[in-house]
Amino acid sequence: MYAALFGNLGIAVSKLIAALMTGSTSMWAETYHSFSDTFNQVLLLVGIRTSKRQVTERHPLGYGKEQFFWSFIVATLIFGISGILSLEQGFSSLLGTKSHHLENVTITYIILAISFVFEANALRIAFRIFKKGIEDRGEKLTFSSMRTEFKESKDTSILTVIVEDSAALLGIAIATTAVFLSDVTGNLI
């Protein structure tokens, strides 16, 4: 989890620098998403840590549900904050009166490629842990066994990372496509 946290922070700072240098709306949306991912990793770590607290008289069943609560908060933040900020950036870019331009588009491509590699690696690691849960039950990796594991897994942190990193990879692909089309056509819309 710490590797994902620091990886996301590095990606977020890189995207922020690229967004400031290029003025790309797609890079701004990606920057919001990456800072949201970083904050989400912090919340997941809080959930993991608090769920391991010892049983007390006030909480005789322990704190295991804390991990579920913080995963829920993370899911809400992913779609809430970063989604709204990205949409706002896109709409203000489309409907705004100021003229937009793309500068240093190569920087954008480099940052997006680096981000893709980091996100894909984090997804690979999370998927390996997810797959281990299936294999520990003595099942083979199939679509059905993955669906079952996704429904029945108690490790919400891994499930959250898988969904988050899959969404991040999709977002990077969309941003790359948008930047490429803007670069090739000269039409920033």
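**The whole chain**

The model is predicted: local features need pLDDT of at least 70, side-chain atom pairs count only at pLDDT 80 or more, and totals for chains, interfaces and linings use all residues. Residues are numbered from 1 along each chain as its sequence is written, and side-chain values use heavy atoms, with hydrogens and water left out.

Six helices and zero strands make up its secondary structure, and from the N terminus on the elements run α-α-α-α-α-α. Helices (H or I, at least four residues) and strands (E, at least two) are DSSP runs, numbered from the N terminus. The C-alpha trace spans about 60 × 40 × 25 Å along its principal axes.

Next, colour the chain by accessibility. Of the 189 residues, 37% count as buried; buried means under 20% relative accessible area, exposed over 50%, and partly exposed in between, with a 1.4 Å probe and protein chains only. Among contacts (heavy atoms within 4.5 Å) with a separation of 6 or more, 72% join residues 24 or more positions apart.

**Helices α2 and α6**

Select residues 156–185 for helix α6, and residues 25–51 for helix α2. Two packed helices are described by the angle between their axes and the distance between the axes. Axes are lines fitted to C-alpha atoms, for helices over the stretch in contact, and angles run from 0 to 180 degrees between N-to-C directions.

For α2 and α6 the angle is about 175 degrees and the axes are 10 Å apart. That makes α2 roughly antiparallel to α6. Angles under 35 degrees count as roughly parallel, over 145 as roughly antiparallel, 65 to 115 as roughly perpendicular and the rest as oblique.

Display the side chains between these two helices. On the α2 side are S26, E30, H33, D37, N40, Q41, L44 and I48. They meet S157, T160, V161, E164, A168, G171, I172, A175, A178 and V179 of α6. By class, the residues of this contact divide into eight nonpolar, seven polar and three charged. Ala, Val, Leu, Ile, Met, Phe, Trp, Tyr, Cys and Pro count as nonpolar, Asp, Glu, Lys and Arg as charged, and the others, Gly among them, as polar.

Centre the view on A175 in α6. A175 is buried, with a relative accessible area of 5%. Leaving out residues up to four places away in sequence, A175 touches S26, E30 and L112.

**Helices α2 and α4**

The contact is made by M27, E30 and D37 of α2 and by T108, I111, L112 and E119 of α4. These residues divide into three nonpolar, one polar and three charged.

Now show helix α1, residues 2–22, and select K15 within it. Is K15 buried or exposed? K15 is buried, with a relative accessible area of 1%. Neighbours within four places in sequence aside, K15 is in contact with M27, E30, T31, S34, I111, S115 and I172.

Move along α1 to L9. L9 counts as partly exposed, at 35% relative accessibility. Apart from neighbours within four places in sequence, L9 is in contact with F35 and T38.

Select T38 in α2, which is buried at a relative accessible area of 10%. Beyond its neighbours within four places in sequence, T38 is in contact with L5, N8, L9 and A12. Which backbone atom of N8 does the side chain of T38 reach? The side chain reaches the backbone oxygen of N8, at 3.2 Å. A polar atom of the T38 side chain also lies 3.3 Å from the backbone nitrogen of L9.

**The loop between α2 and α3**

Finish at L61, which is found in the loop between α2 and α3 (66–95). L61 counts as exposed, at 83% relative accessibility. From L61 to T148 the distance is 26 Å, C-alpha to C-alpha, and the two are 87 residues apart in sequence.

Terms used:
A polar contact is a pair of N or O atoms within 3.5 Å; within protein, one must be able to donate a hydrogen and the other to accept it, and residues adjacent in sequence count only if both atoms are side-chain atoms.
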